[in-house]
Amino acid sequence: MIKEEKKEQILEAAKDVLLKKGIFKTRVEDITNHLGIAKGSFYTYFKSKDQLLEEIIGEVYEIRKNELKELLIEKIDYKEKIKMFIMKRFMMVSESLKSHLILINLTRNLEHLTPLLREKLFQIEILNRKYLKEIIKTIPGITYSESEINILIVFIMGGIKSYRLERLFYKNTEDYFISDISEFEERLKNIDLDREIQLVIESILKLLTGGI
């Protein structure tokens, strides 16, 4: 097995353990025991569990960056771009779902993270804000100042985040957050996500355009 394949195997196994056992309860030996490898093999690819978490955050960052770059160059109007921007916040592909669930659980425990991990999580938020700002600037007939755009972005991103967490990831148990893929998929079956997202999109468009 080549080096990159081995690293990817450890990374994917780690995601399973992190979700099952909990991010802060998981030890390096839990990951290596799950894989049936020596701890030294883990440290060949990752200096620590935190570095592994940095890799997972980086993976989501790159996915989101590529999505947003493609969206910005799409030959569609601002309404469709805003719609796609919002939908991408909900329609997570199965290949990266584990990583997204880990990020959700990291976000709710920011005070327990290292400064570097917090910074890497914040970079994803900065990325989203940057591209949303570019889309807002293309709305015809309306001119917002830089400070007004920033206020609107904080409001919109905060609303999307709250709705997304409440509808997709919160649960009324001691664990509080969904951390299981099958549980997440079951949640999706029980809500009309398309209709709800459309309502969110329409509300945001009205906010940005004054109902135009």
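Modeller: First a term: contact means heavy atoms within 4.5 Å. This is a predicted model, in which local features need pLDDT of at least 70, side-chain atom pairs count only at pLDDT 80 or more, and totals for chains, interfaces and linings use all residues. Residues are numbered from 1 along each chain as its sequence is written, and side-chain values use heavy atoms, with hydrogens and water left out.

Colleague: Which residues in α8 meet which in α10?

Modeller: From α8 they are L152, F155, I156, I160, Y163, R167 and L168, and their partners in α10 are L193, E196, I197, V200, I204, L207 and L208. The residues of this contact divide into 12 nonpolar, no polar and two charged. Here Ala, Val, Leu, Ile, Met, Phe, Trp, Tyr, Cys and Pro count as nonpolar, Asp, Glu, Lys and Arg as charged, and the others, Gly among them, as polar.

Colleague: And at what angle do α8 and α10 pack?

Modeller: About 165°, with the axes of α8 (residues 146–169) and α10 (residues 193–209) 12 Å apart. That makes α8 roughly antiparallel to α10, a label for angles over 145 degrees. Axes are lines fitted to C-alpha atoms, for helices over the stretch in contact, and angles run from 0 to 180 degrees between N-to-C directions.

Colleague: What about α5, which of its residues are buried?

Modeller: In α5 (residues 78–88) they are Y78, K81, I82, F85 and I86; buried means under 20% relative accessible area, with a 1.4 Å probe and protein chains only. Seen down the axis of α5, these residues fall within an arc of 130°, so they line one face of the helix. The arc is that of the directions from the helix axis to the C-beta atoms.

Colleague: What do they pack against?

Modeller: The buried residues of α5 pack against α4 (49–73), α7 (115–136), α8 and α10.

Colleague: Switching topic: where is S96?

Modeller: S96 is in the loop between α5 and α6 (97–107). It counts as buried, because its relative accessibility is 3%. Its C-alpha atom is 13 Å from that of E55, 41 residues apart along the chain.

Colleague: How many helices and strands in the protein chain?

Modeller: There are 10 helices and zero strands, both taken as DSSP runs numbered from the N terminus: helices are H or I, at least four residues, and strands E, at least two. Of the 212 residues in the protein chain, 42% count as buried.

Methods: Angles under 35 degrees count as roughly parallel, over 145 as roughly antiparallel, 65 to 115 as roughly perpendicular and the rest as oblique. Buried means under 20% relative accessible area, exposed over 50%, partly exposed in between (1.4 Å probe, protein chains only).
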